[in-house]
Amino acid sequence: MIIVIDGLNRHRYNRLLDEMFALRARVFGQRLGWDVDIIDGKEIDQFDALDPAYVIGLNDAGNVVSCVRALQTTGPHMLSDVFHDILDGEPPLRSATLWESTRFCVDTEVLDRGNSRNSVGYATCELMAASLEYAKNSGISDIVTVIDPVMNRVLKRSDCAPYGYVGSTKPMGKVSAMAALLDCTDERINKIRAFAGIEGNIFVSAQRAYELSDDHAPTGPAPTAAPVTAEENVRQLLEEYCVDQITDADTVEDADAAKRLTRLLVDAGMVDSKHG
Amino acid sequence: MSVIDLSNLPFPGNNLRSFLDSVCEEHELDFAAYAGMDPIAQTIHGFVNYPDEWQTRYVSEGFQHRDPALLLASRSIAPVDWQRLRGESTFQDIFRAASDHGISEQGLTVPVRGPYGDVGLFSVTRNCSDREWGLLKSKILGGLQTAAVHLHDNVIQSHSLNRKLNHPSLSARELEILQWIAAGKSQQDVGDILSISNRTVEVHLRSGRSKLGALTTPQAVGRAIGLGLIHPS
């Protein structure tokens with residue numbers, strides 16, 4: 001199933017976004033070897049600050065298994081600002097009815113190889129169909145998508161061959177990248193759905209969307225561990241902070257200062273003495 | 001009546017209001033409104049074809065500072081259906097007031113993002129049932145997207161600094177296609193000549209029109225010739 005997270009609802013989905021950025025780090029940083037910035041195991045770039053729309057695929061347990069990011073081509077986007085190599089120095093396409101899709105990926109470590117709903121093939125087709133449907137329902141007629149040759153082959157095999165390309169294939173990390181054109185027509189969407197056997201609505205219901213949000217307390221069996229209270233949480237963070245300050249100190253003075261601060265906090269009863 | 005091509009008209013003038021009227025007529029809508037923020041000129045433009053009393057009340061009550069149709073839609077890349085905003089208390093306040101003036105809460109806002117951090121918000125309304133609205137929307141959204149960007153680009157480029165920055169940068173492919181169109185070739189002919197699909201020609205033409213601020217291909221050809229980007233044949 002698919003959820004769309006954009007600038008309007010992203011404050012409610014930090015868990016899903018973090019999982020998505022972690023997936024992108026594994027795929028683009030490690031597997032494809034692109035030159036991307038990874039901080040705390042998450043791949044986030046300047047375009048993530050522009051309130052793009054993320055189309056995200058989830059498994060039945062509600063974990064992220066695929067994702068793609070969309071931006072308008074009328075404003076700043078990757079082909080205009082970062083991927084100009086691919087365009088051979090030419091200016092990018094710009095149109096009200098053309099979106100750019102980037103960072104398309106699926107979790108090949110979690111998904112299996114078969115034809116089930118938990119396969120790489122199904123997740124890929126579901127994400128492609130969903131992103132085309134989301135664009136089409138927004139009045140968009142075409143998508144220019146930055147992909148690698150493997151993804152290009154997947155598109156062709158899934159009865160979703162691009163109708164054209166712009167620029168040319170350029171080396172990028174361990175693989176290369178290219179910009180392909182896809183139309184957001186019912187014809188293409190139906191072909192992808194038929195290929196993977198996808199039926200019915202693939203987007204989450206309002207109820208499911210709420211259950212997936214950060215503010216929803218999970219129902220199901222009660223957790224065995226005692227719930228962490230806000231106070232315990234603060235205590236733990238403070239302890240971690242003290243340990244970090246002491247271990248990360250570059251000079252003797254810094255280490256002494258960190259130890260003095262820790263003793264102060266211990267005396268005040270705000271952290272346990274084991275770190276003092 | 002089709003939508004007015006703003007680039008055909010002298011600017012500025014009362015044309016923006018007529019543009020809104022023509023969009024409403026073409027797409028079976030009651031009212032339309034545009035608000036644009038230009039960080040380079042440091043200006044906010046707004047014009048609407050709502051009834052005058054509602055415009056006055058909207059501004060006097062300062063609704064523009066808390067209208068979720070403006071504040072939230074600018075954070076979306078897709079048109080925001082106001083149905084999505086019905087849970088916001090400010091939305092309820094504003095639309096209770098709007099209904100006094102015959103303005104329905106059935107509407108949507110198309111966000112436009114320009115290259116220099118400029119943002120335009122193009123809103124339309126139509127008093128009808130949810131079902132009718134859904135059908136109308138799927139029919140007109142593509143046209144509204146194009147109208148919104150056309151309107152926004154023309155407003156932004158009315159500022160001279162932006163006009164200089166925005167000198168149309170067409171790719172070799174876009175110019176090649178416009179040159180063949182200027183020579184009288186059809187879209188299909190051009191695809192055959194260049195060995196690319198018809199739709200690739202189409203997507204480049206749409207991009208070329210957008211960059212040249214034109215709504216139609218003949219207008220784009222005319223402008224490209226005027227700018228010396230292609231040759232008359």
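Modeller: In this predicted model, Arg84(B) and Asp6(A) form a salt bridge, with their closest N and O atoms 2.8 Å apart. It belongs to the interface of chain B and chain A, where the rule finds five salt bridges. Across that interface there are also 22 residue pairs in polar contact, both residues being at pLDDT 80 or more. On the side of chain B that touches chain A, at least two residues each come from strand S4 (107-113), helix H5 (130-156), helix H7 (172-182) and helix H9 (198-211) of chain B. H9(B) gives the largest share, eight residues. Sorted by class, this side of chain B has 14 nonpolar, twelve polar and eight charged residues. In terms of contacts, 34 residues of chain B meet 38 residues of chain A. The size of an interface is often given as the accessible area lost when the parts come together. Here the two chains, B and A, bury about 2,800 Å² between them, and 53% of that is on carbon and sulfur atoms.

Over all chains, the structure holds 35 salt bridges. One of them joins Lys139(B) to Glu28(B), with the closest N and O atoms 3.0 Å apart. Lys139(B) is in helix H5 of chain B and Glu28(B) is in the loop between helix H1 (15-26) and strand S1 (31-38) of chain B, so this pair ties together parts 111 residues apart in sequence. Lys139(B) counts as exposed because its relative accessibility is 57%, a value over 50%. Glu28(B), at 39%, is partly exposed.

A salt bridge also links Arg57(B) and Asp100(B), the closest N and O atoms being 3.3 Å apart. Arg57(B) sits in helix H2 (residues 52-60) of chain B, and Asp100(B) in the loop between helix H4 (89-99) and S4 of chain B, 43 residues apart. Arg57(B) is partly exposed at 26% relative accessibility, whereas Asp100(B) is exposed at 57%.

In chain A, Asp48(A) lies in the loop between strand S3 (42-43) and strand S4 (53-58). Asp48(A) counts as buried because its relative accessibility is 3%, which is under 20%. Its side chain makes a polar contact of 2.6 Å with the side chain of Arg24(A). A polar atom of the Asp48(A) side chain also lies 2.9 Å from the backbone nitrogen of Asp45(A). Beyond its neighbours within four places in sequence, Asp48(A) is in contact with residues including Arg10(A), Phe21(A) and Tyr54(A).

Terms used
Residues are numbered from 1 along each chain as its sequence is written. Chains are lettered from A and ligands numbered from 1 in the order in which they are written. This is a predicted model: local features need pLDDT of at least 70, side-chain atom pairs count only at pLDDT 80 or more; totals for chains, interfaces and linings use all residues. Side-chain values use heavy atoms; hydrogens and water are left out. Contact means heavy atoms within 4.5 Å. Buried area is the accessible area (1.4 Å probe) that two parts lose on being put together, summed over both. A salt bridge is a side-chain nitrogen of Lys or Arg within 4 Å of a carboxyl oxygen of Asp or Glu. A polar contact is a pair of N or O atoms within 3.5 Å; within protein, one must be able to donate a hydrogen and the other to accept it, and residues adjacent in sequence count only if both atoms are side-chain atoms. Helices (H or I, at least four residues) and strands (E, at least two) are DSSP runs, numbered from the N terminus. Ala, Val, Leu, Ile, Met, Phe, Trp, Tyr, Cys and Pro count as nonpolar, Asp, Glu, Lys and Arg as charged, and the others, Gly among them, as polar. Buried means under 20% relative accessible area, exposed over 50%, partly exposed in between (1.4 Å probe, protein chains only).
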